Amino acid sequence: MLDPTTSNLQRYMDLLSTRQKLVASNIANADTPGYKTEDIDFQCEYASLLNGQAPLAYEPPGLPEKPDGNNVSLDRETRMLAENAMRFNVASNLVTGQIKTIRSAIDEGKNG
Amino acid sequence: MSLLSALQISASGMAAQRTRAEMLVENMANADTTRTPEGGPYKRKDVVFSSELQTSPFSAVFQHEAGQGVRIASVAQDTGPPELRYLPGHPDADANGYVAFPRLNPAEEMVDLLNASRSYEGNVAAITAVKDMITNSVSILKS
C-alpha cells in the first residue's frame, strides 16, 4: 500500500495470524484423540506468500505421540503463543512507525 | 480474518472442556447413587472429543482455511458391571443382601477434573494472546 516495507510487514502479520490460529486450534484439541499438531513452515510460506499463495499447514516432526494418537505438546504451544504475539506486536509497531514517518512528511509539506 | 476465527476455535475448546468438567462433577456427585430413571445404579459418563473445521460460510467460499475447533462427538457411558457391596439393611439390596453401586474411582475423576481445568486455562491464555494481537492491529488505525 505505502511502500514495499509496509506490504512485507502486512504479509508477515497475515502469516503470524494464520499461525496463531493454528496454535489456538492445537490448544483447543489438546485432549482430542488422534489429533495431530498443525503448524506452518514460516520461511517457506513467507516466500510462497510473495507469489500470492495461501499458507499450507503441515505436521511438525519429532513430537512424541500419546497413547490416544494425539501429539499436542502444551509447552510448545504456549511458547508459540507468546512468540507469535510478541512478533505481531513488533510488526504492528513498525507499521505504526512507517505511517508516522509519512504523516510527518505530509505535515512538513503543509508548513512549506 | 484468521484472528477472529482463532477466537472462535479457542471458545469451542473452552465450551468442550467445561462440558467435560460438568460430566466429571456429575460422576462424583452420583458416586453413591443406586437409583436412576433407567433403573439400576448410576453409570459413569465421559465425553468423547473430536476435531471440527471451524469456518464461517462466507470465508469458506473464498478460501480453505486451516485450523480446527473441537466439539463433543458423544457422551460415552460405562458399560461394565456395577460394584456390589454387602449391605443387607439397604432398601435396594437384592435377595443375597448385595447393593449395586456405580463403579467409579473418585481419585480418577479428580485427576481428570484437574486436567480439564488446565486445558480450559490454556484456551483462556490463547484468547488473551489473540485479543492482544487484535488490539495491536487496531492501534495502527490510531497512528
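**Helices and salt bridges in a predicted model**

Tutor: Chain A has 3 helices and 0 strands, where helices (H or I, at least four residues) and strands (E, at least two) are DSSP runs, numbered from the N terminus. This is a predicted model, where local features need pLDDT of at least 70, side-chain atom pairs count only at pLDDT 80 or more, and totals for chains, interfaces and linings use all residues. Residues are numbered from 1 along each chain as its sequence is written, chains are lettered from A and ligands numbered from 1 in the order in which they are written, and side-chain values use heavy atoms, leaving out hydrogens and water.

Student: What makes chain A more spread out than a compact globule?

Tutor: Its radius of gyration, taken over C-alpha atoms, is 19 Å, well over the 13 Å that the globule rule gives for 112 residues, so chain A counts as more spread out. That rule is 2.2 Å times the number of residues to the power 0.38. The C-alpha trace of chain A spans about 70 × 25 × 20 Å along its principal axes.

Student: Why are A:Asp39 and A:Arg19 called a salt bridge?

Tutor: The term needs a side-chain nitrogen of Lys or Arg within 4 Å of a carboxyl oxygen of Asp or Glu. Here the N to O distance is 3.2 Å, so the pair qualifies. A:Asp39 lies in the loop between helix H1 (4-28) and helix H2 (42-50) of chain A, and A:Arg19 in helix H1, so the pair ties together parts 20 residues apart in sequence.

Student: How do you know whether A:Asp39 and A:Arg19 are buried or exposed?

Tutor: Buried means under 20% relative accessible area, exposed over 50%, and partly exposed in between (1.4 Å probe, protein chains only). A:Asp39 has 4%, so this residue is buried. A:Arg19 has 10%, so that one is buried too.

Student: What makes B:Glu26 and B:Lys45 a link between distant parts of the chain?

Tutor: Their side chains meet in a salt bridge at 2.9 Å, N to O. B:Glu26 sits in helix H1 (residues 2-29) of chain B and B:Lys45 in strand S1 (residues 45-53), 19 residues apart. With a relative accessible area of 27%, B:Glu26 is partly exposed.

Student: Where do B:Arg118 and B:Glu121 lie?

Tutor: Both are in helix H3 (residues 106-142) of chain B, 3 residues apart, about one turn of the helix. B:Arg118, at 47% relative accessibility, is partly exposed, and so is B:Glu121 at 44%.
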